[in-house]
Amino acid sequence: MTVTFPQKGLPWLLLLPQLLITAIFFLWPAEQALEQAFYQEDAFGLSREFIGLENFADLFSNPLYYQSILTTLVFSFSVAIVGMSVALLLAVMADRVIRGKLAYQTLLIWPYAVAPALAGVLWWILFDPSMGPIALWLKSAGVDWNHYLDGSQAMILVVIASTWKQISYNFLFFLAGLQAVPRSLIEAAAIDGASPFKRFWTIVFPLLSPTTFFLLVVNLVYAFFETFGVIDATTKGGPGQSTTTLVYKVFDDGFVGLDLGGSAAQSVVLMGIVGLMTVIQFRFIERKVQYS
Amino acid sequence: MTDVILEKVGKTYPNGYHAIPSVDLSIEEGEFIVLVGPSGCGKSTLLRMVAGLESISTGELRIRGERMNEKEPADRDIAMVFQNYALYPHMTVYDNMAYGLKNRGMAKDLIAEKVSDVAAMLGLTELLQRKPRQLSGGQRQRVAMGRAMVRDPKVFLFDEPLSNLDAKLRVQMRVEIRQLQRKLGTTTLYVTHDQVEAMTLADRLVVLNKGKAEQIGTPMDLYNKPATPFVAAFIGSPSMNLLDAHLTEQGITVSDELTLPLSHPHRGAIVWGIRPEHLDVSDEHNADFALRIQAVESLGAETLIHGKVETTSGQGDAMVVRLSGPHLPDINSLMWLKAPAQYWHLFDAVTQQRL
Ligand SMILES: Nc1ncnc2c1ncn2[C@@H]1O[C@H](COP(=O)(O)OP(=O)(O)O)[C@@H](O)[C@H]1O
Ligand SMILES: [Mg+2]
C-alpha cells in the first residue's frame with residue numbers, strides 16, 4: 001500500500017526534524033572528524049596545517065594503538081561471552097520455574113533500565129579498594145583487590161560493570177528462544193535416552209543458534225561502542241592503558257591528550273568498523289538461520 | 001504372555017484437574033491396542049503416562065512384569081511417534097534415526113547397519129542425508145516411524161500420528177502401519193480420535209470417555225454389542241440412531257406414541273438404538289414406522305436419508321437410514337421402515353448400561 005500526500009512538500013516537512021537531528025548530531029560531526037583527520041592543529045587550536053595521511057600513518061605505527069585494539073577485543077568478547085553465558089543459564093532456570101515466574105522475570109529485566117554511567121558508579125563503589133563491600137570481602141578471602149594498580153583486575157571490573165545490564169537483554173531473547181523450542185522435541189530426546197545435559201547441548205542449544213548469533217553481534221556492538229560511560233565512571237581507561245578501548249582512546253587522545261588530528265583519524269577508523277558491523281548485521285541477521 | 005499392564009492407573013494434574021480417574025488394561029504381547037475417544041478425553045494423558053512423560057498419580061504400570069512408575073522414559077524400552085513427528089530439525093534423517101542408538105552407546109558400524117535396514121524397509125534410503133524441512137509430510141511421518149523402529153523397543157506408542165496428513169495419505173499410511181506392526185510383532189498402543197482409523201487398526205479398542213474406559217474389546221465386539229450409548233454413538237459411521245424410549249409390558253414406546261412390541265423384564269426409561277444400516281425399506285402394511293424425509297445425501301455407493309419419525313404430534317425423533325446404492329426419494333415424502341429386532345440395542349437410561 002502506498003500513501004499519497006496532496007502536496008509534494010508535506011513529506012519533506014514531516015521528515016525535517018529527523019533529518020535535522022541526523023545532520024546536526026551525526027553528519028556534521030562526522031564530516032568534521034573526517035576533515036580533521038587530515039590536518040594537524042597547533043597546541044592552542046589557533047592554526048592548522050594539511051598533512052595528508054600522516055595522522056593515519058602515525059596511528060598505525062603506534063604500538064599503543066595495537067594495544068588498544070587488543071584490549072577492545074579482549075574486553076568485547078569477554079562482555080559478550082560472560083553476558084550471554086550468564087543470561088542463558090538464568091533463562092534455562094527461568095524456563096523451568098513454574099510458580100513465581102513473572103516476579104523472577106521482572107527482577108531480571110530491571111538492570112536494563114539503569115543508566116550505564118549510574119551502573120558504572122554503582123560497581124565503582126562496590127569494588128572500591130578501601131571501602132567497597134565486594135573489595136573488602138575479596139580481601140578477607142585472600143585476594144588483594146586494587147583495580148587502580150592491577151590492569152587485569154581493572155579489566156575484570158569493567159567487564160562486570162558492562163556485562164551486568166546486558167544480561168537482562170540477553171536473558172529476554174534466550175527465554176523467548178527457549179520457549180520456542182517445541183516440548184515434544186525434548187520429550188523425544190528423553191525417550192531416545194539423552195540425559196538432561198545432553199538434551200540441552202545436542203537439541204536445545206543448536207536450535208537456539210540463530211538467537212545466539214544475533215546476540216553475539218548485538219553484544220559485540222554494545223561492548224565496542226556503548227561502554228564509554230561505564231569505563232569512564234569506573235577506571236577511566238587505566239591503570240596505564242589496560243582498559244582503554246578504541247572508543248575510550250578517541251576521547252582520551254582528543255580531549256585529554258589534545259591530539260585532535262590523531263583522535264579524528266581514530267574516529268574515521270571506528271566509522272569504518274561501524275559500517276562493517278552494520279553490513280554483517282544486515283547480511284546475516286536479516287536472513288538468519290531458519291528451522292521449520 | 002501379558003506384556004503391558006495398567007492397574008487402576010489414574011492421573012491428577014498439578015493444577016488439580018482429574019484427567020483420568022482409574023483405568024485397568026492388560027495388553028498381550030504383539031497386540032495392537034487403540035485408545036479412541038473424543039478430543040480432551042485423556043487419550044494423550046494415558047499414553048504419556050505409559051511413556052513416562054507424565055507421572056502416574058495413582059495405580060501401577062508394569063511392562064513385562066516390571067513396575068515402571070518411577071522409571072525414566074529412556075529406561076522403559078518404549079518408542080513413541082508424536083503427532084507433530086518431533087523430528088530434530090537440525091539433524092539429517094540419518095542422525096535423527098541414529099540419535100537414540102548413539103545415546104545408548106552402540107558401535108558406529110552397528111548403528112549404520114540398523115539405520116540402513118530400517119530405512120530400506122520404509123523406503124527412506126534416498127533421503128538419509130536430507131534435513132526434515134526438505135521432506136514432505138508423509139516422508140516426515142515415515143522418518144518418525146523409522147526413528148521408533150530402529151531401536152527395536154518392547155512397545156510402540158503412537159499419539160495421533162496420521163492426523164497431520166491429507167485423507168489419501170492417511171489411508172495409505174494406516175495400512176502400512178498395520179502391516180509393519182504385524183511384521184515386527186511389536187506390542188503397540190495407538191491413540192486416535194478417528195473411529196475409522198481405530199476400527200481398521202485395532203486388535204482391541206479402548207473407548208475412553210472423560211478419562212474412563214467405557215468399553216474394551218475387539219472392533220466387532222464394540223460394533224455388535226456396545227456397552228453404553230456413548231460407545232454405540234462413537235463406533236460406526238454414520239452414528240447409531242439412539243432414541244429416548246420407554247419399556248412397558250407392551251414393548252418399547254418411541255417418540256411418545258409408537259410402540260414396538262417386545263417382552264423384556266426391564267421397566268422404565270431406556271435408550272433404544274438401531275444402526276442406520278440395519279433399517280430396511282418396507283411397505284405400509286409390514287413396516288414398524290414411517291420416516292418423514294428431510295434430507296438426502298447421495299454418495300453413489302450408498303445413500304443416507306435423514307428424517308423424523310412420523311407421529312400425530314409431528315414431534316418425532318430424528319433418524320438416519322443408510323441404504324446401499326443410489327436412491328432419490330422426495331423430500332417431505334414418507335418412507336416406510338422395518339427395524340429388525342435382532343439389531344436393537346437397549347440401554348438403561350439412568351445407568352447407561354446395556355440391557
Ligand atoms: N498439563 C496439563 N495440566 C492440566 N490439565 C491438562 C494438562 N494436559 C492436559 N490436560 C487436560 O486433561 C484432559 C485430557 O487431555 P488429553 O489427554 O491431552 O486429551 P486427548 O489427548 O484425549 O485429546 C483435557 O481436558 C486437558 O485439558
Ligand atoms: Mg491428544
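Mentor: Start with burial: buried means under 20% relative accessible area, exposed over 50%, and partly exposed in between, with a 1.4 Å probe and protein chains only. B:Arg142 is buried, then, because its relative accessible area is 17%. As for ground rules, this is a predicted model, where local features need pLDDT of at least 70, side-chain atom pairs count only at pLDDT 80 or more, and totals for chains, interfaces and linings use all residues. Residues are numbered from 1 along each chain as its sequence is written, chains are lettered from A and ligands numbered from 1 in the order written, and side-chain values use heavy atoms, with hydrogens and water left out.

Trainee: Which residue does B:Arg142 meet in a salt bridge?

Mentor: A salt bridge is a side-chain nitrogen of Lys or Arg within 4 Å of a carboxyl oxygen of Asp or Glu. Here the partner is B:Glu176, at 2.7 Å from N to O. B:Glu176 sits in helix α5 (residues 167–184) of chain B and B:Arg142 in helix α4 (residues 137–149) of chain B, so the pair ties together parts 34 residues apart in sequence. Helices here are DSSP runs (H or I, at least four residues), numbered from the N terminus.

Trainee: How many salt bridges cross the interface of chain A and chain B?

Mentor: The rule finds two. In one salt bridge, A:Glu187 meets B:Arg48 at 2.7 Å, N to O. B:Arg48 also forms a salt bridge with B:Glu54, at 3.6 Å between the closest N and O atoms, and both B:Arg48 and B:Glu54 are buried.

Trainee: What about the interface as a whole?

Mentor: Count contacts, meaning heavy atoms within 4.5 Å: 19 residues of chain A touch 23 of chain B. Then take buried area, the accessible area (1.4 Å probe) that two parts lose on being put together, summed over both. For chain A and chain B that is about 1800 Å², with carbon and sulfur atoms giving 59%. A:Glu187, A:Ile191 and A:Asp192 supply 38% of the area that chain A buries against chain B, more than any other three residues.

Technical notes: Helix = DSSP H or I, 4+ residues; strand = E, 2+ residues; numbered from the N terminus.
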